[in-house]
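User: Could you take a close look at the aromatic rings here and walk me through how they pair up? I would like the cut-offs as you go.

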Amino acid sequence: MTTTVITNIASLVTNDPSQGDGSPLGLLTDAAVVLDGEHVAWVGPSAKAPAADQAHDAQGRAVIPGFVDSHSHLVFAGDRTQEFNARMSGRAYSAGGIRTTVAATRAATDEQLEANVTHYLAEALRQGTTTFETKSGYGLTTEDEERALRIAARHTEEVTFLGAHIVSPDHADDPAAYVELVTGEMLDACAPHARWIDVFCEKGAFDGDQARAILTAGRAKGLHPRIHANQLSYGPGVQLAVELDAASADHCTHLTDADVDALAQGDTVATLLPGAEFSTRAAWPDARRLLDAGATVALSTDCNPGSSFTSSVPFCIALAVRDMGMTPDEALWSATAGGAAALRRTDIGTLTPGARADLTLLTAPSHVHLAYRPGVPLVGEVWQRGRLVGHEA
């Protein structure tokens, strides 16, 4: 395998507190990193960098781990421009708009769905995302859910079965029959293509008892739980997530003190999705409250055509710093190591020996510029599994 040394790094974020300044970011200045094939072999001061087969000059830029986007919905067709326009003109957001995307997705061919996934993945990669999770949930029939997961699994190992996005329009008058379908025939068809199972636990979608039945059935099939929790209102989602050892409770906008305590004391990551609040003009999640309580927080895009049509983690970092009480350091950690924790991964989200060689070079001397210069394309180079896969023209 070829080794590569990247030198002349103004600031290197390792997310390893044993490195550099000893902070959670493990920040090293005037640094270098050595890649050996698909993995990081060494990090340290540039002057002490060992020899390698080839050298790469970072030109005084910052280097950060590749972003880990742990919540997205990329297998869909169509868009919801009219809904967004109406919402920005005063109509409230509700879970019902998902049905529009369900109709378009069912009507699309496999080739059209795969082209969409490929397009949005390339868009995310250009913005520094090297790992992403994506879900089904816009088919809501056994056949359409299975094909969505099959398509997604060709592009990522982090695939989530979300047959329980909303009650299928085909079962609008009999939600219990739809839960039976999701936990039976649909789960049997979908489980081989997925690692995770998810449910939208919310008014207008699934209540706590339904969510428990769905996640428990998924776990019996070897899928680990995650949950859309407490986005639109207070509810049982967060408590259920911690009880079932879900990897993440996602949204976490409306939390009681008991919810915060449960997240702080358990292993479930609170994944915050500020793109959704931006696009729905909803109340912002209180990241500061969660962090101060000791909860682990992840930041993700929630990229989907209805409530958060962005693939930009840098944009979400800027929102989290501006409107959710996070510091630039906390937001970056949450978008990298936090995302990895939400996927229960230790090989990504860090730049430390043994980690996967996923890294991003910014056209700036510090990661703080991600929030300091919102909306500016600061990703200069993207390395994935030790290969340069994207760079500015």
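Analyst: Happy to. Buried means under 20% relative accessible area, exposed means over 50%, and partly exposed is in between (1.4 Å probe, protein chains only). This is a predicted model, where local features need pLDDT of at least 70 and side-chain atom pairs count only at pLDDT 80 or more, while totals for chains, interfaces and linings use all residues. Residues are numbered from 1 along each chain as its sequence is written, and side-chain values use heavy atoms, with hydrogens and water left out.

Rings of Phe, Tyr and Trp (its six-membered ring) pair if their centres lie within 6.5 Å; planes under 30 degrees apart count as stacked, over 60 as edge-to-face and the rest as tilted. The structure holds six aromatic pairs. One of them is stacked: Phe 76 and Tyr 120, at 5.6 Å centre to centre with 25° between the planes. Phe 76 sits in the loop between strand 5 (67-69) and helix 1 (81-88), and Tyr 120, 44 residues apart from it, in helix 3 (residues 110-126). Here helices (H or I, at least four residues) and strands (E, at least two) are DSSP runs, numbered from the N terminus.

Now for an edge-to-face pair: Phe 278 and Phe 315 are 5.1 Å apart centre to centre, with 90° between the planes. Phe 278 belongs to helix 9 (residues 274-280) and Phe 315 to helix 11 (residues 313-323), so this contact ties together parts 37 residues apart in sequence. Phe 278 is partly exposed, at 44% relative accessible area, and Phe 315 is also partly exposed, at 28%.
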